[in-house]
Each structure stands twice: as C-alpha cells, then as structure tokens.
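This report describes the surroundings of a ligand and the pockets of a protein. Please examine the structure shown here before reading on.

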Amino acid sequence: MLRIRSLSKYYGARAAVNDVSLEVGQGELVTLLGPSGCGKSTTLRCLAGLEIPDSGEVWLQDRLLAAPARRVQVPPEQRRVGMVFQSYALWPHMSVLENVSYPLRSQKRPRQEVIKRARDALELVGLSGYEGSQPGNISGGQQQRVALARALASECSLLLFDEPLSNLDVHLREQMRSEIRDLQARLRITTIYVTHDQSEALAISDRVAIMQDGAIVQVGTPREVFERPATEFAATFLGKVNLLHAAATGKREADLREQFRLAGGGEVHVHTGGTGGPSAEGTAVRVGLRAELIRLSRNAPAAEKNVWKARVERAVFFGDGIDYMIAIPVGRLRVRTPPYDQFRVGEEVFASIAPEHCFIVGSTPQPARQEEVSR
Ligand SMILES: Nc1ncnc2c1ncn2[C@@H]1O[C@H](COP(=O)(O)OP(=O)(O)OP(=O)(O)O)[C@@H](O)[C@H]1O
Ligand SMILES: [Mg+2]
C-alpha cells in the first residue's frame with residue numbers, strides 16, 4: 001500500500017503539486033486524471049524519486065521513501081518502483097532482452113537470474129520470441145510492452161504509468177489498456193496511472209483522483225466521480241455536462257428528491273441522496289444535467305418531473321450517437337442520444353431527465369449568464 005501525505009513540490013513560487021494526500025491499497029489501481037499542467041507527472045516523479053518534494057511524506061508499505069522534513073530521500077533505484085513513460089524510453093542500440101534486463105544487471109544480480117526474470121517478464125507481456133529484436137524494428141505497441149516488461153522484471157511493489165498509451169492509435173490503445181489492467185490485477189501490483197483521457201481513466205481504474213492546479217479535488221470510484229462530481233471542475237472535466245443556476249426551495253420529498261428553483265423559471269427535482277435535511281431555502285447551487293442522460297421524445301414522457309418543452313437547434317451525427325443543442329424555456333441544453341434517436345432541426349420535442357440522474361454542485365457567485373454548456 002502507498003501513502004502520500006501532504007505532498008508539495010514547488011518550481012519557483014508556483015506549486016506544481018499542492019498538498020496532495022492519497023492512499024492506494026495493495027493491488028489497487030488509481031488514476032490521476034486532469035488537464036495538461038495540473039501536476040500529474042510531477043506527482044509521479046516525486047513517487048519515483050526523480051524529483052525531491054518540498055514537503056510531505058511518501059510511504060510504500062512500511063518504508064518511508066521521501067520526507068524532506070526528516071531529510072529522507074531514497075534514491076530511485078532503491079525504491080522498488082517501476083515506471084512506464086509515454087515515450088517508451090528504450091535504448092535503441094540494445095536488444096529487447098538487454099533493455100528489459102538492464103535495471104537488473106545494474107543491480108549486479110547473478111547472470112542466470114537476470115536472464116530468467118527478463119524472459120519471464122517478456123512472456124507476461126506476450127513478447128516471447130522477440131528477445132533478440134531491436135526496439136527500432138518492432139511496433140509502437142510492442143515497444144510499450146517492452147517498457148512494461150522492464151518495469152515488471154525488477155520486482156517492483158509500485159507501478160507508475162505516465163500516459164503510457166498516448167502515442168498509440170485508438171484501437172491499440174483500447175487493447176493495451178485492457179492488457180495492462182488484466183496484468184496489473186493478476187499480479188496485484190499497487191499502481192498509479194496518469195492520463196488526461198477521461199474514458200481511459202473510467203475504464204481502467206478502481207478509483208479516479210481528479211486533479212486541478214496541483215491539488216486533488218475528488219477521489220472516488222469511476223461511477224462516483226461520474227455520477228456525483230464534487231465540484232464544477234470535476235463535473236465539466238468528466239463528460240458533457242449542462243450546469244444550470246438554481247436556488248434551493250427547502251422542499252424535499254420522502255424519496256430524497258429535493259426541489260430547486262431554476263434561475264430562468266420553473267423547477268428541477270434532484271435526487272440528492274444526502275443525509276440530514278434539505279438544503280436551506282435560497283441556497284445557490286448549480287444543477288448538473290449530463291448530456292448523455294437527457295432523453296428526447298416526440299410525445300410527452302410518462303414522467304411528471306423534470307420535463308421541458310424543447311426545440312432542436314442543432315444536430316450533429318458522429319457515428320456513435322447524435323449531439324443536439326436544444327432550447328428549453330430556461331436556456332439551452334446539450335443532449336447526446338444514441339444514433340437512432342433522430343430529430344430534425346426546428347422540431348418541437350420534449351426533454352426529460354430522471355431526478356436520480358441530476359446532481360448539484362456548490363455554486364460560485366451567480367454571473368449574468370443564465371446557463372452554461374461545457375465542452
Ligand atoms: N522542471 C520543471 N521546471 C519548472 N516548472 C515545471 C517543471 N516541470 C513541471 N513544471 C510545471 O509544473 C506544472 C505541472 O507540470 P506536470 O508536468 O506535472 O503536469 P502534467 O499534469 O503532467 O501535464 P501534462 O498532461 O501536460 O503532462 C506545470 O505548470 C509545469 O509547467
Ligand atoms: Mg505529464
């Protein structure tokens with residue numbers, strides 16, 4: 001198990017990593033997900049020992065790896081941490097076997113053991129038979145497998161991946177991510193995986209940590225962070241979300257559905273699922289409606305809550321589905337439907353969403369605009 005406590009790393013006056021705390025269980029895979037520059041790689045580099053943090057502590061099982069306040073900074077080669085980068089970082093003049101065995105050889109282990117472990121690792125990643133190949137003569141996916149084998153060969157207790165699949169094409173990326181996941185689960189190696197691809201993060205992780213400006217803003221299972229984002233940033237970073245300004249009415253029904261008054265008029269019912277009482281009347285919030293969870297229909301839906309008359313303003317077909325922009329009385333919504341839900345631009349339709357599929361996030365001061373559509 002890995003424990004990161006209040007880790008910070010500054011470049012000049014700017015915190016690249018700002019008071020990050022995270023616990024990752026034995027065999028768990030946690031993703032760091034966030035936009036470019038939010039501090040994902042710097043966090044990994046602090047864990048690998050490639051950067052010296054300014055404050056905080058890093059523990060792997062019961063070993064303290066880094067703690068500037070205690071002057072502890074275990075060098076990278078003694079951490080038992082394996083790292084796989086976006087650029088495979090293979091040595092072009094060495095064979096596949098030499099690349100995989102290099103870290104073991106530099107640890108001066110017996111030759112027989114080094115060869116056996118390197119071959120075992122290559123077998124794990126499905127590259128038996130490629131021992132003598134040069135990295136330049138194998139595909140990008142195979143090169144990334146070599147990098148993975150190299151990390152696995154040195155008996156690491158922690159695996160770190162920094163956008164390992166970004167250089168691969170879409171199909172290979174999906175195949176490799178399930179291979180990585182299967183292997184990681186089978187070997188039960190504690191893993192931190194960095195990506196800025198939301199679907200990759202949701203698909204591969206036990207838990208996702210969303211990062212913004214060097215800090216972790218939310219940690220949860222893929223479902224938790226998707227269905228109940230903690231902040232506006234988390235909501236808009238993961239998927240396509242409509243955020244509407246609203247105020248609590250203080251009314252709640254027996255099934256934990258709270259009523260909110262929309263800034264543009266009308267009401268929206270949200271299954272807040274919270275314990276304690278409803279939000280105090282007048283509390284400003286933003287109600288999140290995921291584009292994928294809004295339904296469009298020609299006839300009035302059976303549901304009586306959260307139904308709006310709407311007009312289709314734009315429709316974009318993109319194979320997997322259709323992206324609509326619709327106008328409802330309180331503003332505009334982005335809606336994503338399956339590809340067979342076809343409506344014409346200009347058509348009058350009904351838009352609806354179940355209260356269970358709505359969420360609220362705390363509001364920032366109300367700007368002049370009534371609604372915002374993200375991404
Ligand atoms: N060696 C460095 N010197 C100065 N600033 C740095 C250095 N490395 C990173 N930074 C800054 O620290 C911040 C975090 O960078 P980091 O590389 O950790 O981001 P990231 O989340 O990995 O981004 P990306 O998705 O683009 O890889 C950025 O503002 C970056 O410019
Ligand atoms: Mg990075």
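## The shell around ligand 1

By class, the shell around ligand 1 holds four nonpolar, six polar and three charged residues. Here Ala, Val, Leu, Ile, Met, Phe, Trp, Tyr, Cys and Pro count as nonpolar, Asp, Glu, Lys and Arg as charged, and the others, Gly among them, as polar. Of the 13 residues around the ligand, Ser36, Gly37, Lys40, Ser41 and Thr42 come nearest; a residue is near a molecule if one of its heavy atoms lies within 4 Å of it. Helix 1 gives the most to this shell, with three residues. Helices (H or I, at least four residues) and strands (E, at least two) are DSSP runs, numbered from the N terminus.

## Polar contacts and cover

A polar contact is a pair of N or O atoms within 3.5 Å. The side chain of Ser36 has an N or O atom 2.5 Å from an oxygen atom of ligand 1. For Gly39, a backbone N or O atom lies 3.0 Å from an oxygen atom of ligand 1, and for Cys38 a polar backbone atom is 3.2 Å from a ligand oxygen. On its own, ligand 1 has 630 Å² of accessible area, of which the protein covers 59%; such areas come from the Shrake-Rupley method with a 1.4 Å probe.

## Basis of the model

This is a predicted model, in which local features need pLDDT of at least 70 and side-chain atom pairs count only at pLDDT 80 or more, while totals for chains, interfaces and linings use all residues. Residues are numbered from 1 along each chain as its sequence is written, chains are lettered from A and ligands numbered from 1 in the order in which they are written, and side-chain values use heavy atoms, with hydrogens and water left out.

## The largest pocket

A pocket is an open set of points on a 1 Å grid over the protein atoms alone, where a 1.4 Å probe fits, with protein on both sides within 12 Å along at least five of seven lines; lining residues have an atom within 4 Å of a point. The largest pocket contains about 640 Å³ of space, a volume being the space filled by probe spheres set on the points. Its lining has 23 residues, and Pro76, Glu77, Val81, Pro103 and Ser154 are the closest to its centre.

## The second largest pocket

The second largest pocket has a volume of about 430 Å³. Among its 15 lining residues, Gln198, Ser199, Lys240, Glu292 and Arg336 lie nearest its centre.

Conventions. A polar contact is a pair of N or O atoms within 3.5 Å; within protein, one must be able to donate a hydrogen and the other to accept it, and residues adjacent in sequence count only if both atoms are side-chain atoms.
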